[in-house]
Amino acid sequence: MKRLMALMLLALFSMGTLSACNTVAGAGKDVQGAGEKVEDAATNCKDGKC
């Protein structure tokens, strides 16, 4: 019984960890996309086309 409970807890924590990694990776891509847009806008403003 203890072994089954330990395996269930391990599975639960593993699922939580994997889903957190996907969330962080997605957030990183969003931040990267926003940074590229800001960089493009800054490049356009250098020429006085703001």
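These entries record what I looked up in a predicted model.

**Conventions.** I took local features only at pLDDT of at least 70 and side-chain atom pairs only at pLDDT 80 or more, while totals for chains, interfaces and linings use all residues. Residues are numbered from 1 along each chain as its sequence is written, and side-chain values use heavy atoms, with hydrogens and water left out.

**Fold.** I counted 1 helix and 0 strands in the protein; helices (H or I, at least four residues) and strands (E, at least two) are DSSP runs, numbered from the N terminus. I then compared the radius of gyration, 22 Å, with the 10 Å that the globule rule gives for 50 residues; the protein is therefore more spread out than a compact globule. The radius is taken over C-alpha atoms, and the rule is 2.2 Å times the number of residues to the power 0.38. The C-alpha trace spans about 70 × 10 × 5 Å along its principal axes.

**Helix H1.** I checked the length of H1: its 45 residues should span 66 Å at 1.5 Å a residue, and its end C-alpha atoms are 66 Å apart, which agrees. The expected span is 1.5 Å times one less than the number of residues. Gly-48 follows H1 and has a positive phi, near 80°.

Lys-46, in helix H1, is exposed, with a relative accessible area of 71%. Met-5, also found in helix H1 (residues 2–46), counts as partly exposed at 48%.

**Distance.** I noted that Lys-46 and Met-8 are 38 residues apart in sequence and 58 Å apart in space, C-alpha to C-alpha.

Methods. Buried < 20%, exposed > 50% of the residue type's maximum accessible area, 1.4 Å probe, protein only.
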